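Here is a short briefing to read alongside the structure. Please have the sequence and the model open as you go.

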Amino acid sequence: MQKIKSLMSRQGLKSPQESMADLSPVESLRIPSKEELRELREQPIDPQVEQEIIESIEEVYFSTDSFDMVQHELEKLPPELNLQELEEYRDKLKRQQAAVSKKVADLILEKQPAYVKELERVTALQANLQLAAVICTNARRQLSMSKEGFTEASLGLLSNQRRRQLLTGLLKSLRTIKTLQRTDVRLSEMLEEEDYPGAIQLCLECQKAASTFKHYSCISELNSKLQDTLEQIEEQLDVALSKTCKNFDVSHYTKVQLAYTLLGKTQTAMDQLHMHFTQAIHNTVFQVVLGYVELCAGNADTKFQKMQYKDLCTHITLDSYIPCLTDLCKALWEVMVSYHRTMQWHEEHDKHKATPTADSAAAAESDDSVVDRSYVKKKLEHGLTRIWQDVQLKVKAYILGTDMSNFKYDDFIVVLDVISRLMQVGEEFCGSKSEVLQESIKRQSVNYFKNYHRARLEELRMFLENETWELCPVKSNFNIAQLHEFKFMGQCRSPSVSPSRRSSTAPAQDELSLFQQYHQEGNPFEMHAENKEEETEDVLASNGYESDELEKNVYQDYDSDSDVPEELKQDYVDEQTGDVPLKSASRETIRSKKKSDYNLNKTNAPILTNTTLNVIRLVGKYMQMMNILKPIAFDVIHCVSQLFDYYLYAVYTFFGRNDMPVPSPSLPTHGGRDAGPVRVVGPACLYESSGLGLISSRLRTTLNRIQESLIDMEAVAENAPVHGAAEDRKEKVPSPHLSQLVVLTNGGTLYGLAQRVVATESLVFLAEQFESLQSHLDTMMPAAKKPFLQQFYSQTVSTASELRKPIYWVVAAKAIDYEQMLLLMAGVKWDIREIMSQHNVYVDVLLKEFEEFNKRLQDVSRHVRIPLPVSNVLWEHCIRLANRTLVEGYANVKKCSNEGRALMQLDFQQFLMKLEKLTDLRPIPDKEFVETYIKAYYLTENDMEQFIKNHREYSMKQLANLVNVCLGSHINKKARQKLLAAIDDIDRPKR
């Protein structure tokens with residue numbers, strides 16, 4: 001510093017010693033002489049070189065002011081001193097010193113103008129301070145003079161006036177405090193009146209006033225009391241809020257919301273409301289279930305009150321299950337409808353706020369209010385799902401708490417109906433698909449339905465085995481819709497409204513949701529009482545007919561065919577050839593016949609049995625369950641198909657099997673009617689020997705499928721070893737056995753024709769009812785499973801009418817004595833030489849058989865109406881068998897002349913002429929079959945060979961006989977061998 005001062009003095013600058021007195025002295029440096037400084041200035045030094053010299057100085061020189069450089073340099077001296085080295089080192093230090101001194105001098109010169117300027121400012125500040133001291137002295141002197149100029153009297157007046165004002169304000173404050181002390185009484189009165197907004201408004205005003213006078217000691221106690229009162233109001237407000245969860249009241253809820261708005265706790269109120277709803281659900285269901293459990297227990301044991309709700313549900317008895325479930329749903333409905341009305345209140349409130357009367361009102365609405373409304377809206381929307389989830393869990397615990405497998409069907413349907421209605425409520429409440437409820441009720445339903453269906457199949461087997469196949473008398477206008485099991489199809493998921501009442505109210509109610517229908521009062525779970533009163537049926541007739549007149553008409557002309565359904569007018573297609581060899585009845589023929597059967601078909605009751613009616617009722621019950629619980633729709637429809645399968649299989653097993661001693665015309669036996677029976681075990685191989693294609697491939701496949709999938713064949717043999725898995729056998733039912741009361745071997749009754757008609761036509765009627773239900777079943781079926789339903793209808797239901805052929809063929813094969821006709825034909829001489837004008841006796845015998853058959857058919861029709869399709873099938877079978885017997889008889893001829901062939905034609909024409917008077921069936925079946933065979937006798941060799949190839953419908957024996965009989969007349973032995981070889985070639989692929 002001294003060095004700097006010396007430099008400054010040399011430059012002609014004054015050093016302000018008085019201002020810098022506080023500077024502490026520093027260690028003195030050797031001050032360069034003027035000559036040295038001059039040398040430094042005059043000596044030109046390169047700045048770069050100078051910078052390098054400065055950088056070469058050891059860092060220790062720049063450390064602190066207490067550094068002793070001399071000591072430092074002395075310590076650096078080597079033990080042996082060298083003069084030349086010392087001088088060189090000294091010169092180096094001098095150069096470093098000179099560079100530093102020059103640098104410092106340059107810096108001082110650089111900062112000199114700033115120093116001068118700052119020194120001038122200090123001087124100016126000193127002058128200003130001296131002026132301020134003079135002003136202060138004058139001011140004090142003037143204040144002293146003012147004080148002496150005012151009198152104490154004037155100031156006394158002002159003091160008294162001020163005191164008066166203070167006392168006036170104090171009196172006013174005291175009156176206010178007195179009023180505040182009395183507000184607690186008014187607050188209590190307002191709380192008793194449930195005027196929560198008014199009480200809060202008054203309390204807040206009192207708190208505001210108390211804060212104004214908080215400097216009074218008495219106010220502190222009042223302030224704490226008001227705070228306690230406000231907390232008490234909030235507690236009562238919370239209780240009032242909880243009351244809205246079960247019985248929503250608009251005016252009450254409006255007061256509560258306004259009170260929370262005044263408190264500024266709108267969001268808190270919404271949180272509390274949802275908590276109360278959750279608590280309300282829990283308390284409600286617990287109290288309902290607890291009440292029934294204690295009622296059924298019959299004692300005042302308090303152990304139930306300490307149970308968990310889930311455990312409590314397991315103590316519900318079967319008798320109290322449905323009433324408890326109904327009351328449970330009613331109570332939950334009250335909670336949900338209260339929540340729904342709460343949301344409606346907020347929606348209307350928001351609309352009212354969103355339509356201000358003036359722009360100023362919209363501007364006045366605070367941001368906090370908008371935030372609160374948005375929060376409330378979101379909270380309520382989210383709360384919908386939460387509330388419904390709580391409801392589902394409570395009902396789920398109740399559903400799964402009891403094993404329903406032993407419930408009566410009607411009781412289980414009521415349970416499903418209640419749960420279905422609850423799921424409908426949930427869908428309208430929050431758009432939920434109620435997966436929790438669906439899963440729980442599905443578990444119970446599958447468990448229940450398996451046991452129920454198994455029992456019903458066993459019951460159906462018992463019915464079938466005890467069925468005598470007598471006609472069940474129902475009215476002519478009978479329809480399944482008249483059965484109460486099918487009433488649900490017309491109620492459109494609203495079982496609480498009876499069909500009669502619904503007809504008048506349906507248009508209005510279909511447009512309203514449940515929450516709109518029962519907005520003010522009522523409950524969607526108050527049902528069943530009305531429906532039970534209306535579940536009366538009027539389908540049975542006293543004697544099967546509705547009047548004596550109709551009963552008379554039944555016995556008139558059973559075989560008239562004037563009103564035939566279109567499907568029965570279609571052509572019969574032979575199963576083997578695919579041709580259309582005959583027509584059941586032409587329209588012209590039908591129109592020309594008598595009208596009695598038209599009336600009979602149109603007005604008389606359908607043919608069905610008690611078992612048929614039971615199956616239809618059972619289908620209705622299954623469909624009720626399926627309609628209510630769609631997730632198990634496929635399982636139910638599968639079981640419905642099993643009911644039809646089993647009925648069809650039973651009818652076929654009882655009446656359609658070819659296990660009776662029936663002769664085959666194409667393979668005749670010579671033992672007459674007492675020939676041994678032809679027994680075939682499986683359905684796939686029946687009736688093939690007749691060549692009539694009685695069982696179509698579709699029907700054969702259906703019967704085989706039913707036998708494999710549904711019939712427990714191992715149960716038939718008592719001592720048969722069990723090969724199948726036990727689980728598979730549980731799903732199967734033993735094959736039914738025909739009741740011993742049903743006699744099918746009496747020729748006087750046409751081998752049980754009445755029972756056969758009732759059984760077969762009841763199956764056809766059942767199939768028609770299934771057809772009418774197809775569209776309804778299709779809407780319930782899951783999309784992935786619809787092919788099963790289509791296959792069931794196309795391959796099973798539609799084959800019901802095909803059972804007529806094999807069942808009535810058994811009657812037709814035994815009703816006419818075809819063996820006697822073969823014996824009579826064998827006694828006729830056919831190699832005559834003259835043309836005969838009289839037909840043979842066997843034709844009259846055969847026609848007499850047909851007349852007897854017609855008479856017995858009329859006798860049967862007096863007990864059971866024989867529909868036109870049945871009579872047509874019977875006549876068709878009899879005529880076909882007769883014509884094939886004729887061909888077989890002609891094929892047994894050893895010798896035959898042209899005149900003999902003419903006699904054959906005469907016989908056949910006589911047979912046709914008489915036959916047409918007995919039956920209205922046109923054209924006569926297999927007429928061409930006989931005529932073609934007779935005319936083939938006249939064919940040449942080449943034509944005969946072509947005839948053999950084209951007419952595969954004739955047996956090998958018949959074709960061979962045709963060739964042998966023609967030998968000698970117009971076919972030689974060589975041609976005979978050729979033709980027999982052609983016949984053998986045709987027969988070889990069959991073998």
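Over residues 13–30, where does pLDDT stay, and how many contacts beyond four places in sequence does the model have for them? The pLDDT of this stretch stays under 50, and the model gives it 14 such contacts; pLDDT is the predictor's confidence in each residue, from 0 to 100, and a contact means heavy atoms within 4.5 Å.

This is a predicted model, in which local features need pLDDT of at least 70 and side-chain atom pairs count only at pLDDT 80 or more, while totals for chains, interfaces and linings use all residues. Residues are numbered from 1 along each chain as its sequence is written, and side-chain values use heavy atoms, with hydrogens and water left out.

**Confidence**
- Residues 718–724 also have a pLDDT below 50, with seven contacts in the model beyond near neighbours in sequence.
- Where pLDDT is low, the predicted coordinates should not be read in detail.
- Across the protein chain the average pLDDT is 76, and 72% of the residues score at least 70.

**The chain as a whole**
- The protein chain has 37 helices and two strands, taken as DSSP runs numbered from the N terminus (helices: H or I, at least four residues; strands: E, at least two).
- Among contacts in the protein chain with a separation of 6 or more, 79% join residues 24 or more positions apart.
- Of its 991 residues, 43% count as buried, where buried means under 20% relative accessible area, exposed over 50%, and partly exposed in between (1.4 Å probe, protein chains only).

- L81 sits in the loop between α4 (69–76) and α5 (83–149), and L81 counts as exposed because its relative accessibility is 55%.

**Buried residues**
- H776 belongs to helix α27 (residues 753–780) and counts as buried because its relative accessibility is 19%.
- Leaving out residues up to four places away in sequence, H776 touches F488, M489, M623 and N627.
- C245 is buried at 0% relative accessibility, and C878 is buried with a relative accessible area of 0%.
- The structure holds zero disulfides, a disulfide being a pair of cysteine sulfur atoms within 2.5 Å.
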